[in-house]
Amino acid sequence: MPRQRPFLSDNAATVHPRLWEAMRAADSPDSPYDGDRLSAALDERFSELFGRECAAIWIATGTAANCLALATMVQPHGGVVCHEEAHIEVDEGGAPGFYLHGAKLMLASGEGAKLTPADIAAVIDPIRPDVHQVQPHAIAITQASEYGRAYRPHELAALGAFAKERGLGLHMDGARFANAVAFLGGSAADAAGPCDTLAFGCIKNGGMSAEALVLFDPAQADLVKYRRKRAGHLQCKGRYQAAQVLAMLEGGLWLENARAANAAAAEIAGACAERLMHPVEANELFVRLTPGEREVLRVQGFEFYDWGADAARFVTAWNTPQDDALALTQAIANL
């Protein structure tokens, strides 16, 4: 039996040792819920990272982080414009409708699972401004996108200007935000642009059970905290959540991990050539492969998800062994 080589998801990766150490260091009596010293440090640390005042709240899942953020912008009778393949539409089991009490997702199309102002306008411009039709309240984008594509700062600026002009909130699902920052080579602020809220991903990047919801309007923090409690996400020992997030930021570990995952994906991409469905700008590869070719790879121990009838998705992680990346590179080249 060949050794299994996992490329299913970065969620399958192990927890980084420095996060375990941080949680062990937090294992002493402190105030419950989010009254501990570590939770209190999040606002200042994220304000430093983004170079502007913000509030940061630990959340156990990316799904909850996205939905709690959108709930600050969208009334139950409103709508959220997102890509038709956005995670909140395809992979969150109807959670936005649950958390937003029935608010509608308004689906737009765009190349590489990214949106432009024109893509959004095509959806919302035909809507009549009356009570018979759902009115848009917010835009949700993903950085890096569901196809591993990174929004450039000028693209974000255009979206921010459009959102402001139309009176819409702008949320960013940053499940792989670190991978986008690593690819773009700029600052966290550059990759976040003018968004109002950001679900700052940690779990896919070496975390265990904590994400950070960053609010660039700190006045919204109390609202989110009440909604977090009501949703059952206020954990009793929140210091362990905060410890993970702070450890991820300490010494730039979040970028170090993302660069390692991106490098492994770039290595594999070199063997894919015209098989690639999308440019590789983060740690996901979407590769055209026949059912027979996919079976050949699986027999060799490679684990991945099928992507439709004639393609596959491979995801690298912060700890993908170089031998595994090289082996997959060679295996694809040999097909």
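A pocket is an open set with protein on both sides within 12 Å along at least five of seven lines. I join points across faces, edges and corners, and take a volume as the space filled by probe spheres set on them.

I note that the model is predicted: local features need pLDDT of at least 70, side-chain atom pairs count only at pLDDT 80 or more, and totals for chains, interfaces and linings use all residues. Numbering runs from 1 along each chain as its sequence is written, and side-chain values use heavy atoms, without hydrogens or water.

Entry: cavity. I find one cavity of 30 Å³ or more. The largest cavity has a volume of about 40 Å³. Its lining is Asn66, Ala86, His87, Ile88, Ala140, Ile141, Thr142, Glu146, His171 and Asp173. α5, β5 (135-142) and β6 each give two or more residues to this lining. β5 gives the most, three. (Helices are DSSP runs of H or I, at least four residues; strands are E, at least two; both are numbered from the N terminus.)

Entry: I read about 590 Å³ for the largest pocket. It has 30 lining residues, and His87, Asp91, Arg176, Lys204 and Arg313 are the closest to its centre. α4 (62-71) supplies the largest share of that lining, three residues.

Methods. On a 1 Å grid over the protein atoms alone, a cavity is a set of points where a 1.4 Å probe fits but cannot get out, and a pocket is an open set with protein on both sides within 12 Å along at least five of seven lines; lining residues have an atom within 4 Å of a point.
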